[in-house]
Amino acid sequence: MADKVERLKTLIIGSGPAGYTAAIYASRADLKPVLYTGMEPGGQLTTTTEVDNFPGYPEGVDGPTMMVQLQKQAERFGTEVRIGMITAVNFSDEVGGIHKVTVDDSKIIEAETVIISTGATAKYLGIPSEQKLRGGGVSACAVCDGFFYKGQEVAIVGAGDTAAEEASYLANICKKVTMLVRRDEMRASKAMQHRVNSLDNIEIRYNTEVDTVLGDQVVEGLRMVNNVTGEKEDIAITGLFIAIGHKPNTDIFKGQLEMDETGYIITHGKTTKTSKPGVFASGDVQDKEYRQAVTAAGTGCMAALDAERYLATIESHQEVSS
């Protein structure tokens, strides 16, 4: 195993907007970053057909194209992008310590700094009709995709604050929003419930779940089922939004980094610093509030700058001690 150990100044784990932006800034700062893509190169945006709200694309861009462009920009400045999965980590507790990371259960990397950009995965219902129409009218982000359904009738599944917020957002641009709530009450805060209830074009269906998403290539309707009576009903919609939460991709870091109760990595103050010196987190892996490509890219920039400053501090301490 010893001959497989590689030493790096900066290792970036994850290849979405946060990871690639971190790579752009880190490579320009001569940190010689190596980026591992993980199992989903490009992250969540590779499953998005149109991105209309990222600055700099007046005509919009499809998600996979945008990720390819970000990768090329990172590589232009010297980032080495590798296909591979991080399978184990052992982060140092010491300032200036070396972090050990295992790739694909075989290769060992020793890194002076690590930037984590593994993102989060949207939770879906998991039924076949929903999975078939992902990208064809089924979405997990109303803020990202709601614009395409302006003036149309849509449905949203969820009962928490996020679902209520997204339902309110959709109500401003859509003709009608049908909200499916699995229980006989919402989990959202009273303020959010009041907001939803005050909008005339939101219809809340309690004790209601998705039975089948109707449509061949795109969403054409929804078959709902009342989970108390068993009664089914079809409605015509063009878009279905799933707002039942996200799962941060942090399982591999459990026991190594401080996280909140849902698994999001906790960063300190307005920085990307984690509970381990020299380890930084950016993007959806530490952001459960905004979850946008542009905010992920912003924290990717922050992580690279934090890593650069950390390394400069370590080097200055080493010079003083020597």
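Where does Gln-256 lie? I found Gln-256 in the loop between β16 (246-248) and β17 (279-281). Strands here are DSSP runs of E with at least two residues, numbered from the N terminus.

Ground rules first. I am working on a predicted model, where local features need pLDDT of at least 70, side-chain atom pairs count only at pLDDT 80 or more, and totals for chains, interfaces and linings use all residues. Residues are numbered from 1 along each chain as its sequence is written, and side-chain values use heavy atoms, with hydrogens and water left out.

**Gln-256.** I looked up its accessibility. Gln-256 counts as buried because its relative accessibility is 18% (buried means under 20% relative accessible area, with a 1.4 Å probe and protein chains only). I then listed contacts, meaning heavy atoms within 4.5 Å. Leaving aside residues up to four places away in sequence, Gln-256 touches Val-89, Asn-90, Phe-91, Ser-275 and Lys-276.

**The sheet.** Next I checked an open sheet of 3 strands, ordered β12-β13-β14, with antiparallel pairing. Two strands pair if DSSP finds at least two bridges between them. β12 (208-214) and β14 (232-235) are the edge strands; each has a single partner, so one side of each lacks a neighbour in the sheet. On average, neighbouring strands are turned by 25 degrees against each other, direction ignored (axes are lines fitted to C-alpha atoms; angles run from 0 to 180 degrees between N-to-C directions).

**β12 and β13.** I counted 6 bridges between β12 and β13 (residues 221-226), in the antiparallel sense. Val-210 has Met-224 of β13 as its bridge partner. Leu-214 stands opposite Gly-221 in β13. Their hairpin has 6 residues between the strands, and Gly-215 takes a positive phi near 140 degrees there.

How values were computed:
Helices (H or I, at least four residues) and strands (E, at least two) are DSSP runs, numbered from the N terminus. Buried means under 20% relative accessible area, exposed over 50%, partly exposed in between (1.4 Å probe, protein chains only).
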